[in-house]
Amino acid sequence: MTGFVSLSTAMARGFFRDRTALFFTILFPLMFLVLFGGLFKDAGASKTDILQIGAVPVVDQLPAEAAAGLDQVLSVTRTADRAAALDEVRRGDKAAAIEQVGGELIVHYSAADAVKSATVRGIVESLVQQSNLAAAGVTTPAVTMRSQPVEDQSLKAIQYMTPGLLGWAIATGATFGAALTLVTWRQKKILRRLRLSPVPVASIIGARVSVSIAIAAAQCAMFIGVALLPYFGLKLSDQWWAFIPVMIAGTLAFLSIGLVAGAASKTPEAASAIANLITLPMAFLSGAFFPLDGAPKWLQQVSEFFPLKHLVSSMQDVMVRGESFAVTLPDIGILLGFTVVLAAVAAFLFRWDDA
Amino acid sequence: MQDMSPTIKVEELRKSYGEPRAVDGVSFDVQTGEFFGILGPNGAGKTTTLEMMEGLRKPDSGTVTLFGESPWPRNPRLLPRIGVQLQASAFFERLTAREQIRTFASLYGVPARKADEWLAVVGLEDMAGKRNEDLSGGQQQRLSIACALAHGPDLVFLDEPTSGLDPQARRNLWDVLRDISAQGRTVVLTTHYLDEAESLCDRVAIMDHGRILQSGPPATLVRDLDAPTRISVETGTITAEAARGLADGLEVSDDGVSLTIATRTPAPVLSALAERDALRGLSVRGATLEDVFLHLTGREYRA
């Protein structure tokens, strides 16, 4: 037991004092989150830009609640310059310009984007009808329509990017950590030295496992912490903490991948190359960087064979899609299956010594 | 009743990684408390022999027993009783000297305070807060010996502990090693330095090409060689002619710097030189292990 504790401590100290390792396991993935989180901040919540020329009582006199609703779909800019406004529409910079002349509401719309202009025309038409009804004294219409966008949260990029990039970070950290520890400890004869001490092999492996899980937990804390900042605006589901078991199962799966890479290579350079070859393409093909919904069917099927796919999709399910813990169970099972098989391969390839 | 069986018993050990055999039929015993040296040039098979004794390699044939037990396969009963210093110093990355020795000590259940005492024994208490990457070669070797000893083993294996050190650092380390031996531990050391073996070991085994050529206390090996003693004085102190007349059967040579007289009975020659007041620049050199090696192999010793 003391062996396990002191080896874990030695390993953790070695890691946290290694600036390069710290950068690549924690800061580097976080940079991606900050970069993409900032870049795609407004993606998904696409409003239609229109211009309002002069006073338009139909719009201006909307009740507060209706105005807020309108604000969700239209971004209205007021202007007094009619010619300039029409010119902007003509160039396609704005979807439409509205003006009211007496009892007539005129919509000047651009042909550049048929969908957007149809949206604007529809909305304006409903405004006109509403105000006509109000003028006719009908205060409680027989049927009212309330529009609510479906899966509004998941449209925001930060929602799928946080679990995706976090899964990639965990995979990279666990793979590189295990591979490099194994190779450098073999190369520096630390494994040989440990073999000559009475410490059980289980303590050595246990120490690596616990340090990797601790690093993964640190990555999660940093990622979720940053994504929750108002600027990025991550919204976690009620059962978000249910990602912890799947995170641990994923760490174990990638640990064993790293052990295979470390057992198969003689130098740290070779181990890094193998680890990169495995984790980087897998990140692209597993939906860690972008959703696979639009990918070809065969690719989606291939992705099922990647542990990262199971890690990322389960983390997305519980962290942001509001699914319950039970949904992650099959993925946890698959990840542990990967662990068992790959750990057996690593044990088969394992050597205490170079020679 | 003290157990009188040897601490180490090695019988007919063989190991090959292809031709020729790295170790080819090696046998010897090491008694409790003995300082035993395996001496030989690089590639003689010293390290392979040592690794089989430590239980790091499986012999192709032959047996090793330490305290009556086999070290292969990994024998957890034996491991706490032996301490091993590896040829390349095996340290955890980015840990300080203190953290290194505490980590190793705790693998054996030795408390931190006890581990720290070992830093003082090898004279590293001032370096305790330094990372091993910042230690000099000699300091690293001393730390690695301290790490091998922190759990108080009865038997210590040292593989070329002074290789690559400057003369001063070597001598400092010799003092440490003498202390370890004086505490009653059995020490096995490999070295390619003849003077080191001669100075430290109670008994040495001279190895070459995977075999032990001869073993015994260094002084005995040298004495048994029956090599002549070489007496040198400054050239011009005495003529070669006169030197030859000092006693019977003298071999005299003069290289222009020193006049050297080789004899198996140095005492009368020395007193005769003293009588003539011809001792300017006197040096007397007996045979060394180098001569033993030359005699055994017919070639000059090259480490």
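Tutor: Let's begin with residue classes: Ala, Val, Leu, Ile, Met, Phe, Trp, Tyr, Cys and Pro count as nonpolar, Asp, Glu, Lys and Arg as charged, and the others, Gly among them, as polar. This is a predicted model, where local features need pLDDT of at least 70, side-chain atom pairs count only at pLDDT 80 or more, and totals for chains, interfaces and linings use all residues. Residues are numbered from 1 along each chain as its sequence is written, chains are lettered from A and ligands numbered from 1 in the order in which they are written, and side-chain values use heavy atoms, with hydrogens and water left out.

Student: How many cavities of 30 Å³ or more does a search of the whole structure find?

Tutor: Rolling a probe the size of a water molecule over the atoms shows where empty space is left. On a 1 Å grid over the protein atoms alone, a cavity is a set of points where a 1.4 Å probe fits but cannot get out; a pocket is an open set with protein on both sides within 12 Å along at least five of seven lines; lining residues have an atom within 4 Å of a point. Points are joined across faces, edges and corners, and a volume is the space filled by probe spheres set on them. Here the search gives 4 cavities of 30 Å³ or more.

Student: Which classes line the largest cavity?

Tutor: Its lining has 7 nonpolar, 3 polar and 1 charged residues. The largest cavity holds about 60 Å³, and among the residues closest to its centre are A:R193 and B:V84.

Student: What is the volume of the second largest pocket?

Tutor: About 680 Å³, with 29 lining residues. The lining comprises 14 nonpolar, 11 polar and 4 charged residues.
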